[in-house]
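Dear colleague,

I am passing on the structure we spoke about, with some notes on what turned up in it. Please look it over below before reading on.

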Amino acid sequence: MADHTRNMLAAAARAMDEVIRPALDPGQPLAQEQARIVSSILAFVEGRWDWAHARHVFELRHFIDVVGELEPHARRLSPGLAERFAAERDRATGLLDDAMTDADSLQSSARALATLVTALVRAVGSRDDEDAQQVNWIVLRSSRAFLRAQRSWFLPTGWEARPADIVPLNTIYATGATD
Amino acid sequence: MTDVGLEILRALQANEQLREAPNEGLAVAVRGQFPTEDEFADMLDRRMRRRRMPRRPTPSLDEVERCLRSFLKVQLEGPFDVRDVRWLSGGASKIQVAFTLLSSALAHEQEGSVDLVIRMEPQESLNSTSRRREFQLIEAVRETVPVPRPYWIDVDADWFPEPTLIYELVRGTNKVSTIEGRPTGTGNSFGSRLRPALGRRFVEDLAKIHTLDFSGADLGAFDLPRVGTTDTALWQLNRARRIWEEDRPEDFPLIDVAANWLHRNLPVLDHVSLLHGDFRGGNFLFDEESGEITAWLDWERGHLGDRHRDLAWITSPTFGHYDDDGTTFLVSGLVPLEEFYERYEKLSGLFVDPERLRFYRVLNNYQLVISTLGTAYRVTRLGRTHQDVLLTWLEGVVYSMAEQLRTAMEEDRHG
């Protein structure tokens with residue numbers, strides 16, 4: 001059976017806008033403000049519903065790539081951590097190859113990889129030698145693509161100063177470029 | 001031989017468990033690791049102690065009124081009454097309730113009647129801040145810039161559910177009535193009619209605050225940073241780092257790269273200014289007819305420190321917008337960027353240092369990402385505020401701020 005969740009969400013957003021919000025007491029500004037946000041959240045989820053899986057895959061791929069780039073530095077700085085890098089990267093790659101992998105597993109694996117990267121960044125601290133510079137630089141540079149995808153995901157929330165500059169989600173996920 | 005990376009990994013994984021089921025052990029550990037101003041540290045300790053408490057729904061207006069009446073019985077001589085107790089909207093971090101107080105003790109002012117605001121933390125706030133500091137700051141600047149007159153403070157929540165400040169309700173609005181704005185008031189447009197007058201006062205008031213001689217003021221809740229040291233920058237960085245340890249939903253490596261960069265680049269302080277901490281559109285009230293600013297609000301982030309912290313905050317793209325031409329960025333929707341710096345330097349006599357501006361741009365975005373991604377997630381997950389739905393909506397702004405932080409560090413690398 002096809003999924004009709006988006007239909008439900010769109011109807012809920014309309015109900016908020018056309019029935020519930022107009023009925024609220026104008027003397028209750030907090031209720032009015034929050035009702036507006038609830039309506040916006042419903043519309044946002046409806047618009048993003050079909051992209052959720054693509055988002056999880058993109059993020060996991062991003063962290064797999066970052067860990068791969070950091071591995072040579074991790075081997076010099078923290079051999080124990082480098083072993084964990086290799087093991088978790090292999091596990092994550094396996095999850096991507098398995099069509100039955102659920103959303104929780106994709107997200108959990110991305111989080112585990114992010115923690116490994118964070119551990120390496122913390123291990124270099126405010127040191128300024130070549131390896132430390134490279135570790136910080138790789139994370140800094142690679143974050144550009146990650147943030148571009150996140151800003152595109154959240155574009156409907158209306159916070160961007162120049163929304164026309166944001167690359168659409170279908171372009172980001174279609175190219176799959178994580179860096 | 002110790003593998004530092006593995007040790008750090010184990011600590012990260014252990015702390016993740018503690019964030020989900022916090023105890024005082026985590027607070028003690030991070031307090032020691034990231035020393036900051038005493039009052040900040042005490043506030044953060046307090047919130048961690050209370051984090052294991054069950055969720056308490058936002059107090060009803062009736063409950064707030066009962067607390068208020070009990071409180072006023074002790075504060076006022078003679079009979080009194082409270083009328084028209086009502087919620088105020090706006091703001092993500094504080095509960096605000098307005099009311100009218102009638103009291104013979106006020107007979108000499110406004111014919112025995114005054115409109116006041118109760119400003120209170122929710123069970124846990126987006127920004128854990130001190131009402132005592134807020135009270136002291138407002139008192140310190142009262143003769144300099146328009147602020148609500150503070151009346152009373154319940155520092156230890158003896159009468160109210162949470163620490164509370166009561167101050168004058170000032171007439172005015174924080175947004176133009178005919179222009180729909182964001183719930184937090186950030187980045188709102190003021191329109192071409194009001195921009196000149198508001199823009200002028202905006203810069204004038206900022207210059208006055210930063211050059212205020214506060215030596216005679218009671219600012220006992222504030223630590224005074226030493227000129228010629230990195231005190232103030234390090235305290236601000238450490239406060240944010242501690243909050244990230246206690247609140248984040250998951251690791252975000254860019255934030256740790258930023259922490260490394262900030263620690264390597266701590267600037268030395270040249271002049272101690274009193275800082276507002278959240279000086280922007282949305283945090284001042286104005287008269288829509290005359291364009292006069294009637295009050296500066298939300299002093300909770302204020303502290304004694306480097307003016308560049310305020311300057312970097314105020315000029316953030318998040319808090320302004322582009323003019324109709326699409327190329328002129330208006331600081332807080334009011335003043336073109338270059339004009340803002342020129343006017344500020346002229347009015348204050350203080351120069352704007354691009355290097356320190358960059359540091360504080362990175363630090364401010366670092367703090368904001370931590371607050372809107374870390375604390376907002378944590379307190380809404382626990383159901384702690386009256387604005388949970390707004391706080392979750394704030395995630396939409398996290399990644400543009402993170403990109404500003406990333407870009408600033410990248411420019412430094414290439415610069």
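Between chain A and chain B about 4900 Å² of area is buried, and carbon and sulfur atoms give 64% of it. Of the area that chain A buries against chain B, 18% is supplied by A:Arg122, A:Leu140 and A:Trp159, more than by any other three residues. Please bear in mind that this is a predicted model. The contact draws 52 residues from chain A and 52 residues from chain B.

On the side of chain A that touches chain B, the elements giving two or more residues are helix H2 (29-48), helix H4 (79-97), helix H5 (103-124) and helix H6 (130-153) of chain A, and H6(A) gives the most, with 12 residues. By class, that side of chain A has 25 nonpolar, 15 polar and 12 charged residues.

A separate note concerns B:Pro161, which lies in the loop between strand S4 (150-154) and strand S5 (164-168) of chain B. Leaving aside residues up to four places away in sequence, B:Pro161 touches B:Arg50, B:Arg56, B:Pro59, B:Glu63, B:Cys67 and B:Met120. B:Leu394, by contrast, is 233 residues from B:Pro161 in sequence and 26 Å from B:Pro161 in space, C-alpha to C-alpha.

With best regards

How values were computed: Residues are numbered from 1 along each chain as its sequence is written. Chains are lettered from A and ligands numbered from 1 in the order in which they are written. This is a predicted model: local features need pLDDT of at least 70, side-chain atom pairs count only at pLDDT 80 or more; totals for chains, interfaces and linings use all residues. Side-chain values use heavy atoms; hydrogens and water are left out. Contact means heavy atoms within 4.5 Å. Buried area is the accessible area (1.4 Å probe) that two parts lose on being put together, summed over both. Helices (H or I, at least four residues) and strands (E, at least two) are DSSP runs, numbered from the N terminus. Ala, Val, Leu, Ile, Met, Phe, Trp, Tyr, Cys and Pro count as nonpolar, Asp, Glu, Lys and Arg as charged, and the others, Gly among them, as polar.
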